[in-house]
Amino acid sequence: MVASPIPEPAPKVLAAFEAAKGFMPVREGLALYAAAEEAGRLGLPLLEVGTYCGRSTVLLADAARAAGTVAVTVDHHRGSEEQQPGWEYHDPAVVDPEVGLMDTLPTFRRTLHAAGLEPYVIAVVGRSPQVARVWAGEVGLVFVDGGHTDEHATNDYEGWAPRVADGGLLVIHDVFPDPADGGQAPYRIYLRALESGAFTEVSVTDSLRVLRRTGPGI
């Protein structure tokens with residue numbers, strides 16, 4: 001039996017991904033796109049926690065477009081801890097000069113516009129736990145890529161993992177088993193998902209983990 005080819009975005013979409021501000025490497029982006037393309041077959045929304053400037057949103061939006069569904073992306077757009085002034089990932093270009101705080105929302109909107117994918121995205125501006133509390137429906141995919149403290153990663157997991165439909169996918173970014181490679185909060189929620197018995201690992205691509213819901217709970 002010949003294996004099915006791994007789906008990839010069109011060159012225009014991949015170019016928009018690469019041109020956008022953000023931190024996801026291409027290899028991980030392609031793995032995320034393949035997961036989104038598969039999850040889109042459930043006909044449910046594809047949800048992302050942690051928008052930043054829309055780099056990964058471009059891939060989710062294109063997969064949603066192809067599946068006839070929508071990508072939902074949740075972020076307060078004030079930046080996570082490591083993106084604040086004085087920290088490693090701070091970018092002064094996304095600071096609102098009027099209020100002196102980060103505001104990645106305008107850059108995100110420009111990213112979607114340049115990719116031609118605005119009609120396929122619902123952008124929710126708010127904090128993940130608050131949005132999760134008012135979200136009632138199931139989703140085909142949850143991509144956790146928000147704050148990397150234990151508090152924020154745990155809130156994202158507990159708020160959104162219950163929304164993953166049976167057979168849907170939970171994708172976690174920046175999973176580093178070795179503390180020398182990065183923060184451990186995403187790794188800890190990844191382990192929690194596996195230990196719960198609710199999720200089974202599907203693929204590993206560098207720091208990106210894809211898990212499928214195969215049982216109840218979190």
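This is a predicted model: local features need pLDDT of at least 70, side-chain atom pairs count only at pLDDT 80 or more; totals for chains, interfaces and linings use all residues.
Let's call a residue buried when its relative accessible area is under 20%, exposed when that area is over 50%, and partly exposed in between, using a 1.4 Å probe and protein chains only. Numbering runs from 1 along each chain as its sequence is written, and side-chain values rest on heavy atoms, with hydrogens and water left out.

Start with the overall build. The protein chain has seven helices and nine strands; these are DSSP runs numbered from the N terminus, with helices being H or I of at least four residues and strands being E of at least two. The chain is as compact as a globular protein of that length, because its radius of gyration is 16 Å, close to the 17 Å from the globule rule for 218 residues. That radius is taken over C-alpha atoms, and the rule is 2.2 Å times the number of residues to the power 0.38. Along the principal axes, the C-alpha atoms fill a box of roughly 55 × 35 × 35 Å. As for contacts (heavy atoms within 4.5 Å), take those with a separation of 6 or more: 70% of them join residues 24 or more positions apart.

Now zoom in on helix H3, residues 55-67. This helix is largely enclosed by the rest of the structure, because ten of its 13 residues are buried. Among them are Arg55 and Asp62, along with Val58, Leu59 and Leu60. Just after H3 comes glycine 68, with a positive phi of about 75°.

Two other residues have a positive phi without being glycine. Histidine 77 has a phi of about 65° and sits in the loop between strand S2 (71-75) and strand S3 (95-96). Histidine 77 is buried, at a relative accessible area of 2%. Aspartate 174, with a phi of about 60°, belongs to the loop between S7 and helix H7 (185-196). Its relative accessibility is 18%, so aspartate 174 counts as buried.

Leaving aside residues up to four places away in sequence, alanine 165 touches Leu44, Glu138, Val139 and Arg213, while aspartate 166 touches Leu42 and Arg213. Between C-alpha atoms, alanine 165 is 9.7 Å from valine 142, 23 residues apart in sequence.

Finally, the rings. The structure holds three aromatic pairs, where rings of Phe, Tyr and Trp (its six-membered ring) pair if their centres lie within 6.5 Å; planes under 30 degrees apart are stacked, over 60 edge-to-face, and the rest tilted. One of the pairs is edge-to-face, because the rings of tryptophan 135 and tryptophan 160 have planes at 70°, with centres 5.8 Å apart. This pair links distant parts of the chain, 25 residues apart: tryptophan 135 is in the loop between helix H5 (128-134) and strand S6 (139-144), and tryptophan 160 is in helix H6 (residues 150-160). Tryptophan 135 is partly exposed at 22% relative accessible area, whereas tryptophan 160 is buried at 0%.
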